[in-house]
Amino acid sequence: MAPGVNEPPRLLHIFGVLKRAFGPQHWWPAEDGAFEVMVGAILTQNTAWSNVERAISALRAQDCLSPERIISLEHDALANMIRPAGYFNVKARRLSRFCQWYLDKGGYAALSEWPDGGLREALLAVHGVGPETADDILLYAFNRPVFVVDAYTRRFLSRLGLVAEDIGYEALRAFAESTLETMPRPDRVALYNEFHALIVAQGKSICRPKPRCGECCLSRHCPVGQDALADG
DNA sequence: ACCCAGGGTCATA
DNA sequence: TATGACCATGGG
């Protein structure tokens, strides 16, 4: 059987198992602005979300949660505000560059007109925006049908035996997306949104004691994994 | 004290 | 092309 064939039911079944186990995640809900989502996507690079929340709160408290304000700040001022998110010198530069690009391109309304692929290429061309950050922004800020791949996703799907442990980012993304391509676009956006959040939720809860043990996380020792692996 | 987190870039071989 | 170093805070 060719790779990918007959995978949609399996992935959809896994999605159902995760949803029943962890419930709705409501990540980056519409009430938060799209710009805040983008800031969060950059600040959360290799960083716990609880730390990112402190940084975003600090930005909001100083009325600096806008691209105009951010590019107007001195490096040290911005770095100090986002200090709790870690890598503050690196991320201050990345935030500034991103905001400059964002304004240069005309802001959210203008960028919303861009096609999926063109927007993704443009995001990846911004210094400090890699594949996952770009896809976070595409999915959660621009509602584009992109399956976000992160360390949890690779661990999760490889331990289920669906992909190789060392599969590359684009290959894994293509795998996850191609298997669900027949679904209507708005449904895919909603599904990818919740799917990624649920994978992170299971990764945090089940992997907590020994994240890299290779035996927890939906392998044979995990009850959720047994459900997910069962034929649905 | 140690390990990890919703990564990405850059230098080196 | 493929590793390794580096960035840095806060929680378990």
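**Close-up views of a predicted model**

**View 1. Packing of helix α2 against helix α6.** In this predicted model, helix α2 (residues 34-43) packs with helix α6 (residues 88-104) at an angle of about 145 degrees, and their axes are 10 Å apart. The crossing of α2 past α6 is right-handed. From α2, the residues Phe 35, Met 38, Val 39, Ile 42 and Leu 43 take part, and they meet Lys 91, Arg 94, Leu 95, Phe 98, Cys 99 and Tyr 102 of α6. Sorted by class, this contact comprises nine nonpolar residues and two charged residues, with no polar ones.

**View 2. The largest nonpolar core.** The largest nonpolar core holds 65 residues. Those that touch the most other members are Val 39, Leu 43, Phe 98, Leu 123 and Phe 195. At least three residues of this core come from domain 1 (11-23 + 150-231), and at least three from domain 2 (34-141). In soluble globular proteins, nonpolar side chains tend to be buried together.

**View 3. The surroundings of Val 39.** Val 39 belongs to the α2 side of the contact with α6 and is also a member of the largest nonpolar core. When neighbours within four places in sequence are set aside, Val 39 is in contact with Ile 56, Leu 59, Leu 65, Ile 70 and Leu 95. Of these, Leu 95 is one of the α6 residues that meet α2.

View 4. His 26 is placed in the loop between α1 (7-22) and α2. The relative accessible area of His 26 is 64%, over the 50% cut-off, so the residue is exposed. Along the chain, His 26 and Leu 198 are 172 residues apart, while their C-alpha atoms are separated by 9.8 Å.

**View 5. Asp 63, a loop residue with positive phi.** Asp 63 lies in the loop that runs between α3 (49-61) and α4 (67-72). Although Asp 63 is not a glycine, its phi is positive, at about 60 degrees. Most residues other than glycine have a negative phi. Asp 63 counts as exposed because its relative accessibility is 55%, where exposed means over 50%.

**View 6. Tyr 87, a loop residue with positive phi.** Tyr 87 is found in the loop between α5 (75-81) and α6. This residue, not a glycine, has a positive phi of about 45 degrees. Tyr 87 has a relative accessible area of 47% and is therefore partly exposed, as this value falls between the 20% and 50% cut-offs.

Terms used:
Residues numbered from 1 in each chain as written. Chains lettered and ligands numbered in written order. Predicted model: local features only at pLDDT ≥ 70, side-chain atom pairs only at ≥ 80, totals over all residues. Heavy atoms only, no water. Axes fitted to C-alpha atoms, helices over the stretch in contact; angles between N-to-C directions. Helix = DSSP H or I, 4+ residues; strand = E, 2+ residues; numbered from the N terminus. Left-handed = near helix turned anticlockwise from the far one by under 90°. Contact = heavy atoms within 4.5 Å. Nonpolar A, V, L, I, M, F, W, Y, C, P; charged D, E, K, R; others polar. Core = buried A, V, L, I, M, F, W, Y, C linked by side-chain atoms within 4.5 Å. Buried < 20%, exposed > 50% of the residue type's maximum accessible area, 1.4 Å probe, protein only. Domains from an automatic or database assignment.
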